[in-house]
Amino acid sequence: MVAARPRQERRIIAALFRFSVEELSRTASANQGLCKSTGLARLNGSTEQPLNGMDPILHYTSQRLPAIIDWIGNLVRIESPTHDKAAVDRAVEFVADHLAPVATVKLHRQTEFGRHLRAEFKLPGRAKSRQVLGLGHLDTVWSIGTLARMPFKRSKGRLWGPGVFDMKSGVAFFVFAAEALRELDIPCKSKFVLQLNSDEEVGSPTSRRFTDREAQRSSAVLVAEPAWGLDGRAKTARKGGGTFTLRVKGQPAHAGLDFAAGASAVLELSRQLLKVSEWTNIEKGVTVNPGVVRGGTASNVVPEEAWAEVDVRVPRPSDATRLERKFLGLKPQDRRTSLTVEGGLRRPPLVRSPGVGRLYRLARKLAAELSVELGEAHVGGGSDGNFTGALGIPTLDGLGGVGEGAHALTESILIGRIADRTALLAKLIAAC
Ligand SMILES: [Zn+2]
């Protein structure tokens, strides 16, 4: 925690911020000339730092960069694979301990996964009836021991390590964004609730109800999942997705002695997979991918059993309904075999609704105040933002670290984008 700043310092900084707001409303060039005439602000208690036209929040987060990097490092060093409850709970406790002095923290108990964290921040401004939700997760896809071959490190202008991009840096940005608002005494329109889930990487089976509940109380949802591309685009649409499991039971027989008596489960499954693969429509963004196939026992046996797992991605809710109906309506072509289909669409698509568009345009304007051009992207992968978007709550995703290599050995974020991403989150929290 940083020590509380003397009141006077806070007033100076707050005055600078108010000046910048007035300046903004007068000038069309929002990202130039802010605070130019106001001279110096004292930050970090010692040296005088000229703002030189820099946005005050960005100035603050830039000053705090070493602390943010340290904090990300500490969190990355607490390995937290989804299926290791004790490990994820350690990461949850690290964040909860840090937030306890500045937020009301509640941990939703879980038996199978780590606890889900809810933190309600005490931020400046009047009593609030509105709520803005920050959404993220503390679990990763990396198993315990990954740090030995992929240690947290700083090199080539990046931070590296398991989960640094997806999405421990995003968690840090939320934490330090709230700190900036508090320390600079910037009034916020809504109360800020941060929810960090522990089962996101497996589709959020236990956290979804908490996410839904908090989203329904919120006027906007900010998701600090990784940004898209090395220019740090926000995600304004995500495909929905799910998995279907196809199981075929055939008639076993000796491949040499009694071939005709057999009905091959492997062949029947192959026919079904060819059929469902035809439902892929690249132009419309619908993909059907039989990703896992198993079947048979020996080459001289007509196989009795076979099954496959099929990944499905859709950009629109109507595609989801249509595909679900088609999967559940599959019939075996060889009547001597039987076919069962299980599963469905786990995550609804995040659609770029008018509300999402408005939230993106606000973020774009605020980013311009930081001299950053915030682009947008439509992506295939899902997040908890898919759930909040499906409820009709304006949701802006991809506000976390700028980097690459999610779920890959090259997982890393750009150090040069930590300060502005944190500042952008702070501005969004204040403005929503
Ligand atoms: Zn993620």
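Where is the place of K156? In this predicted model, K156 sits in the loop between β6 (153-155) and β7 (158-160). Its phi is near 55°, a positive value in a residue other than glycine. Most residues other than glycine have a negative phi. K156 has 9 other C-beta atoms within 10 Å, so K156 is exposed.

Stepping back to the whole chain, the model has 12 helices and 20 strands. Of the 432 residues of the protein chain, 47% count as buried. Take the contacts between residues at least 6 apart in sequence: 75% of these join residues at least 24 apart. As for confidence, the average pLDDT of the chain is 89, and 88% of the residues score at least 70. Residues 1-48 are another matter, with a pLDDT below 50. Even so, beyond near neighbours in sequence, that stretch has 56 contacts in the model.

Next comes helix α6, which spans residues 164-183. This helix is mostly covered, with 20 of its 20 residues buried. D166 and M167 are joined by a cis peptide bond, with omega at about -10°, and M167 belongs to helix α6. For context, most peptide bonds are trans. Another backbone detail turns up just after α6, where D185 takes a positive phi of about 55°.

What does α6 pack against? One partner is α12: the axes of the two helices come within 8 Å and cross at roughly 60°. That angle makes α6 oblique to α12, and the crossing is right-handed. On the α6 side the contact is made by F173, F174, F176, A177, A180 and L181. On the α12 side it is made by R421, T422, L425, A426, I429 and A430. Sorted by type, the residues of this contact divide into 10 nonpolar, 1 polar and 1 charged. The spacing of such residues has a simple background: an α-helix has 3.6 residues a turn, so residues three or four places apart point the same way.

Helix α12 (residues 418-431) also packs with helix α10 (residues 354-368). Here the angle is about 125°, and the axes are 10 Å apart. With that angle, α10 is oblique to α12. The crossing of α10 and α12 is right-handed. From α10, the contact draws on L362, A363, L366 and A367, while α12 supplies L424, K427, L428 and A431. The makeup of this contact is 7 nonpolar, no polar and 1 charged.

S204 is not a glycine, yet its phi is about 60°. This residue lies in the loop between β8 (191-197) and α7 (208-216). Is S204 buried or exposed? S204 has 25 other C-beta atoms within 10 Å, so S204 is buried.

Now for the strands. V292 is part of strand β13 (residues 287-295). With 12 other C-beta atoms within 10 Å, V292 is exposed; the cut-off for that label is 12 or fewer. Leaving out residues up to four places away in sequence, V292 touches A308 and E309. V292 and A308 are 16 residues apart along the chain, and their C-alpha atoms are separated by 5.4 Å.

E309, in turn, is found in strand β15 (residues 305-314). E309 counts as partly exposed because it has 16 C-beta neighbours inside 10 Å. Which residues does E309 touch, not counting residues up to four places away in sequence? They are T243, T245, G291 and V292. A further distance concerns E342, which is 33 residues from E309 along the chain. The C-alpha atoms of E309 and E342 are separated by 9.6 Å.

Definitions and conventions: Residues numbered from 1 in each chain as written. Predicted model: local features only at pLDDT ≥ 70, side-chain atom pairs only at ≥ 80, totals over all residues. Axes fitted to C-alpha atoms, helices over the stretch in contact; angles between N-to-C directions. Helix = DSSP H or I, 4+ residues; strand = E, 2+ residues; numbered from the N terminus. Parallel < 35°, antiparallel > 145°, perpendicular 65-115°, else oblique. Left-handed = near helix turned anticlockwise from the far one by under 90°. Contact = placed C-beta atoms within 7 Å. Nonpolar A, V, L, I, M, F, W, Y, C, P; charged D, E, K, R; others polar. pLDDT = per-residue confidence, 0-100.
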